[in-house]
Amino acid sequence: MTNQEVANRLVSLLREGKFETVYEELFHEDAHHIEPQSEHFADVKGLEAIRAKDKAMQENIAGAEGLEVGDAIVAKNYIAIPYKMTVILKDGNKWPLDEIIVYRVENAKILSEQFFY
């Protein structure tokens, strides 16, 4: 699979909200999540740890609305995707997300994801 094909599949899955499938199909088992702005999940290493991070975050989320996944930009081993949605927390507050996620790809697997917002 080329990096463009990885990008196309990634965008398709994200738009469908199939986040677990993204991990199953596209992430390397040693993937690295980088989100320096996050108080709790700034640096997470390994696919199982990334899944655990998502599970911990889901415990506070009641739902989401307005998911927008932009078209991917591919440059060599990098994919950049604009991503927007509003997360509805269990306490009723809403948390708007407006970010760009940059993925590093090698051998058709995502090795890292970094969030900019």
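Is Asn-107 buried or exposed? Asn-107 is exposed, with a relative accessible area of 73%, where exposed means over 50%, buried under 20% and partly exposed in between, for a 1.4 Å probe and protein chains only.

## Basis of the model

The structure is a predicted model, in which local features need pLDDT of at least 70 and side-chain atom pairs count only at pLDDT 80 or more, whereas totals for chains, interfaces and linings use all residues. Residues are numbered from 1 along each chain as its sequence is written, and side-chain values use heavy atoms, with hydrogens and water left out.

Two packed helices are described by the angle between their axes and the distance between the axes. Helices (H or I, at least four residues) and strands (E, at least two) are DSSP runs numbered from the N terminus, while axes are lines fitted to C-alpha atoms, for helices over the stretch in contact, with angles from 0 to 180 degrees between N-to-C directions. Helix H1, residues 3-15, packs against helix H2, residues 19-26, at an angle of about 155 degrees, and their axes are 8 Å apart. That makes H1 roughly antiparallel to H2, a term for angles over 145 degrees, as against under 35 for roughly parallel, 65 to 115 for roughly perpendicular and the rest for oblique.

On the side of H1, the residues that meet H2 are Val-6, Arg-9, Leu-10, Leu-13 and Leu-14, and their partners in H2 are Phe-19, Thr-21, Val-22, Glu-25 and Leu-26, contact being heavy atoms within 4.5 Å. The residues of this contact of H1 with H2 comprise seven nonpolar, one polar and two charged; Ala, Val, Leu, Ile, Met, Phe, Trp, Tyr, Cys and Pro count as nonpolar, Asp, Glu, Lys and Arg as charged, and the others, Gly among them, as polar.

## Helix H2 against helix H3

The axes of H2 and helix H3, residues 47-58, come within 12 Å and cross at roughly 175 degrees. That makes H2 roughly antiparallel to H3. Glu-20, Tyr-23 and Glu-24 of H2 make the contact with Leu-47, Ile-50, Arg-51, Lys-53 and Asp-54 of H3, and by class the contact of H2 with H3 has three nonpolar, no polar and five charged residues.

## The aromatic pair

A search of the whole structure finds one aromatic pair, rings of Phe, Tyr and Trp (its six-membered ring) being paired if their centres lie within 6.5 Å. Tyr-23 and Phe-27 form this pair, with 4.9 Å centre to centre and 85 degrees between the planes, an edge-to-face arrangement; planes over 60 degrees apart count as edge-to-face, under 30 as stacked and the rest as tilted. Both members count as buried, Tyr-23 at 7% relative accessibility and Phe-27 at 4%.

Thr-86 lies in strand E5, and apart from residues up to four places away in sequence it touches Gly-63, Ala-64, Glu-65, Lys-94, Trp-95 and Pro-96. Thr-86 and Leu-26 are 60 residues apart along the chain, and their C-alpha atoms are separated by 25 Å.

Lys-76, in the loop between strand E4 (73-75) and strand E5 (78-89), has a positive phi of about 50 degrees although it is not a glycine, and Lys-76 is exposed, with a relative accessible area of 77%. Ala-108, in the loop between strand E6 (94-106) and strand E7 (109-116), also is a residue other than glycine with a positive phi, near 65 degrees. Asn-107 is found in the loop between E6 and E7; Asn-107 and His-28 are 79 residues apart in sequence and 9.5 Å apart in space, C-alpha to C-alpha.
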